[in-house]
Amino acid sequence: MFYLKYRPQTIHELDNTQIRERMTKLLDSKELPHALLFVGPKGMGKTSTARIFAKAVNCDNNIFSGNGTSTEPCNTCANCTTIDNGGSPDVVEQDAASNRGIDEIRKLIREASFSPMTGRYRIYIIDEAHMITPDAFNALLKTLEEPPKSVIFILATTNEEKLPSTIISRCVRFPFGTAQSKDIVSMLKRIAGHEKLKITEDMLTLISNYSEKSFRDATKLLEELVMQDKLTFDDAQNYLGIRSKGILLEVMQTGTLAESMSWIEEFTETGGNVKRAIEDSLNTLRLQLVAKSIGNTSEQHLSFSLKELSLLIKLFHGAYANLRISPIEALPLELAVVEFYNARKK
Ligand SMILES: Nc1ncnc2c1ncn2[C@@H]1O[C@H](COP(=O)(O)OP(=O)(O)OP(=O)(O)O)[C@@H](O)[C@H]1O
Ligand SMILES: [Mg+2]
Ligand SMILES: [Zn+2]
């Protein structure tokens, strides 16, 4: 998959300009902090940047090992390659969503005090750091105040507001923001170059407009267009326009049954992916369900009632499950739409 195959491997390849510049400065200064905080939405490059950093400071062929002047990881020495394939004993990636308690954090802190085995630093990359429990944060805070010399913590989070301010203030903060269109376009160009795709600049901008400001989404979209063979601007625009989020739901909200059914027909005839349409709709429905339940009006883009939303979710879920056994791709979705209109009439 493109988004794994073309994960950036060097600071230079980080297409997020702001992060690339900050990271370059940090490594140039050679004063490495004991804790970094990566803040930003999904798919913005937090994990990628953390791994590049871990490689850079442990690499055997750069300035950190006294070999040369570059601060980049070489990506060929034993340290770089084992970090890349997840086999390094010195670089630990831990998901706080499933290891959030005091015992897990204590274990991590204990292990962090050992000297590195093959590199110069032990790096702990803690993903979804906001999930850590309050007592576990307290334990971690003590370590961040007096960290073992050769340990660097990288906390990554999509929800900074859930982190205690005492933790935030101990870290060097990297705000990943949302991806700029020009940065996404430059990433897409890099991939298109490697894949030898003939794609115009217009089309790359089009993809970036449809990718919700995320590097990962843009990469996936490019791959989808390649697989669907929609590589001219017009084909892509048609395809993306029709399969873009929420559109079926918008038709269903105000339109007649006939209008909704013709939407599906046109969608499938122009090569739209039904599975993807159902996934997108379910995502949108879920967000609406949550927004409506907690009374968050700014996020309520659709006017379905809570009852309608829950019915739609059940029907779309059913359609999704039936995709595998249906001989006709569009049928489960069409049935779900008809059932929704039937129920609404009552
Ligand atoms: N700065 C970047 N330059 C180029 N490509 C990027 C960049 N950031 C992310 N990507 C692309 O997006 C993919 C996802 O990035 P990554 O896994 O690092 O994001 P993340 O912020 O950790 O996301 P999550 O919150 O979902 O874990 C990468 O595999 C890569 O293809
Ligand atoms: Mg990640
Ligand atoms: Zn190296």
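Select histidine 130 first: it counts as buried because 20 C-beta neighbours lie inside 10 Å, the rule being that a residue is buried if 20 or more other C-beta atoms lie within 10 Å of its own, exposed if 12 or fewer, and partly exposed in between, with C-beta atoms placed from the backbone. This is a predicted model, in which local features need pLDDT of at least 70 and side-chain atom pairs count only at pLDDT 80 or more, while totals for chains, interfaces and linings use all residues. Residues are numbered from 1 along each chain as its sequence is written, and chains are lettered from A and ligands numbered from 1 in the order in which they are written.

Histidine 130 sits in the loop between strand S3 (122-127) and helix H6 (134-145); helices (H or I, at least four residues) and strands (E, at least two) are DSSP runs, numbered from the N terminus. Leaving aside residues up to four places away in sequence, histidine 130 touches Thr157, Asn159, Lys162 and Leu163, where contact requires C-beta atoms, placed from the backbone, within 7 Å.

Next, colour the chain by domain, using domain 1 (2-175) and domain 2 (181-345), whose bounds come from an automatic or database domain assignment. The centres of domain 1 and domain 2, taken over C-alpha atoms, are 35 Å apart, and 11 residues of domain 1 are in contact with 14 residues of domain 2. On the domain 1 side, the touching residues comprise 5 nonpolar, 4 polar and 2 charged, with Ala, Val, Leu, Ile, Met, Phe, Trp, Tyr, Cys and Pro counted as nonpolar, Asp, Glu, Lys and Arg as charged, and the others, Gly among them, as polar.

Then display ligand 1, which 20 residues surround, the closest being Gly45, Lys46, Thr47, Ser48 and Phe215; a residue is near a molecule if its C-beta atom, placed from the backbone, lies within 6 Å of it. Both domain 1 and domain 2 give residues to this shell, so ligand 1 lies between them. Helix H1 (2-5), helix H3 (46-58) and helix H10 (215-227) each supply at least two residues of the shell.

Finally, select Phe38, Phe153, Ile154 and Leu155, the residues with the most contacts inside the largest nonpolar core, which has 60 residues; such a core is a set of buried Ala, Val, Leu, Ile, Met, Phe, Trp, Tyr and Cys residues joined through C-beta atoms within 7 Å. This core draws at least three residues from each of domain 1 and domain 2.

Definitions and conventions:
Two residues are in contact if their C-beta atoms, placed from the backbone, lie within 7 Å.
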